[in-house]
Structure formats: C-alpha cells, structure tokens
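This report covers side-chain packing, ring pairs and charge pairs. Please keep the sequence and the 3D view at hand.

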Amino acid sequence: MDKTRKQIIRFVMVGIPVVAMDFLTYYMFVNFLPHYIARIIAYIFGSTTSYVLNKLYTFEQKQKSFNEMVRFYALYFFTLLFTVIANGFLLSVLFPGKIILAYSLSTFMGIILNFAGQKFFVFRLKNKYEI
C-alpha cells in the first residue's frame with residue numbers, strides 16, 4: 001500500500017472519533033449558544049485531539065517541533081474560519097433549520113482541507129536546515 005493511501009486510511013480512522021466528539025460538543029452547545037460559538041468550542045476540542053492523533057499515528061511524526069505545531073494551528077484556524085462561514089451559510093441560506101445537514105457538509109469540506117493541509121503543509125518532510 002502506498003504511503004498516501006495508508007495516510008488517508010489512518011486519517012479517516014482518527015477522524016471518525018474526532019468528528020463524533022466534535023459533533024456531540026457542537027450539538028450540546030448549539031441549543032443555548034449562537035451556532036458560531038458552539039462551532040468554535042467544538043472545533044477547539046476536536047483540533048487538539050486531531051493534532052496529537054494525526055501527528056503520532058497518521059503521519060508518524062515522533063519528533064517535537066514548535067514550527068509544526070504552529071503550522072497545524074494556523075491550518076486549523078483557517079479551516080475553522082472556513083467551516084464556521086460555510087456552516088452559517090448552509091444553515092441560514094441553503095438549509096435553514098437543518099442543523100445536522102449544515103454541520104455535516106461544512107465538516108466534510110473542512111476534512112478535505114485539513115488532510116491536504118496536514119499532508120503538504122504541517123507534517124511535510126523537512127530538510128535539515130528548516131527551523
């Protein structure tokens with residue numbers, strides 16, 4: 001099995017429990033907080049879990065790297081903005097009142113962005129001169 005295929009399989013294996021935790025957190029808060037605040041809280045829980053599991057298991061990065069962590073959270077901040085905006089647009093324009101559908105579609109779009117970003121930006125192979 002080639003490396004990318006193995007990483008995609010592991011990314012999905014890690015992602016399922018992370019998305020489940022993210023959704024349950026979101027759903028718990030969305031009934032009494034604005035949807036964007038609930039999405040942010042859920043995203044913080046999910047992103048922290050995702051960083052640890054994807055670093056160690058999916059992309060097999062064992063070394064400590066401050067720059068890697070900065071890149072990860074920069075990617076997740078960008079993806080957070082994207083998913084909050086997409087979720088709001090889907091919830092208010094395309095699918096009013098369809099919380100689960102809007103959440104699912106915005107999350108799926110975020111997953112694609114996150115895998116590509118982690119593979120090619122966060123956990124890319126570094127040369128020995130990179131800080």
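Tyr51 is buried, because its relative accessibility is 9%; buried means under 20% relative accessible area, exposed over 50% and partly exposed in between, with a 1.4 Å probe and protein chains only. This is a predicted model, in which local features need pLDDT of at least 70 and side-chain atom pairs count only at pLDDT 80 or more, while totals for chains, interfaces and linings use all residues. Residues are numbered from 1 along each chain as its sequence is written, and side-chain values use heavy atoms, with hydrogens and water left out.

**Nonpolar cores**

Tyr51 belongs to the largest nonpolar core, a set of twelve residues. The other members include Phe11, Tyr43, Phe59, Phe72, Phe115 and Phe123. A nonpolar core is a set of buried Ala, Val, Leu, Ile, Met, Phe, Trp, Tyr and Cys residues joined through side-chain atoms within 4.5 Å. Helices H2 (35-58), H3 (66-94) and H4 (99-122) each supply at least two residues of this core. H3 gives the largest share, five residues. Helices here are DSSP runs (H or I, at least four residues), and strands (E) need at least two; both are numbered from the N terminus.

Phe72 is one of the core residues. Leaving aside residues up to four places away in sequence, Phe72 touches Ser47, Ser50, Tyr51, Gln118, Val122 and Phe123; contact means heavy atoms within 4.5 Å. A second, separate core has nine residues, among them Phe29, Val30, Leu90 and Tyr103.

**Aromatic pairs**

The structure holds 13 aromatic pairs. Rings of Phe, Tyr and Trp (its six-membered ring) pair if their centres lie within 6.5 Å; planes under 30 degrees apart count as stacked, over 60 as edge-to-face and the rest as tilted.

How are the rings of Tyr51 and Phe123 arranged? Their planes are at 25 degrees and their centres 6.3 Å apart, so the pair is stacked. Tyr51 lies in H2 and Phe123 in the segment after H4, so the pair ties together parts 72 residues apart in sequence. Phe123 is buried at 4% relative accessibility.

Phe59 and Phe115 form a tilted pair, 6.1 Å centre to centre with 35 degrees between the planes. Phe59 is in the loop between H2 and H3 and Phe115 is in H4, so parts 56 residues apart in sequence are tied together. Phe59 is buried at 5%. Phe115 is also buried, at 14%.

**Charges**

There are four salt bridges. A salt bridge is a side-chain nitrogen of Lys or Arg within 4 Å of a carboxyl oxygen of Asp or Glu.

| Salt bridge | N to O distance |
|---|---|
| Lys6 and Glu60 | 3.3 Å |
| Arg10 and Glu60 | 2.7 Å |
| Asp22 and Arg39 | 3.0 Å |

Lys6, Arg10 and Glu60 form a salt-bridge network. Lys6 is in helix H1 (residues 3-30) and Glu60 in the loop between H2 and H3, 54 residues apart. Glu60 is partly exposed at 42% relative accessibility, and Lys6 is partly exposed at 33%. Arg10 is buried at 17%.

Asp22 in H1 and Arg39 in H2 are 17 residues apart. Asp22 is buried at 7%. Arg39 is buried at 2%.

Two arginines also meet rings. The charged end of Arg10 sits over the ring of Tyr57, 4.3 Å from its centre. That of Arg39 sits over the ring of Tyr26, at 5.9 Å from the centre. A charge sits over a ring if NZ of Lys or CZ of Arg is within 6 Å of the ring centre and within 35 degrees of the ring normal.
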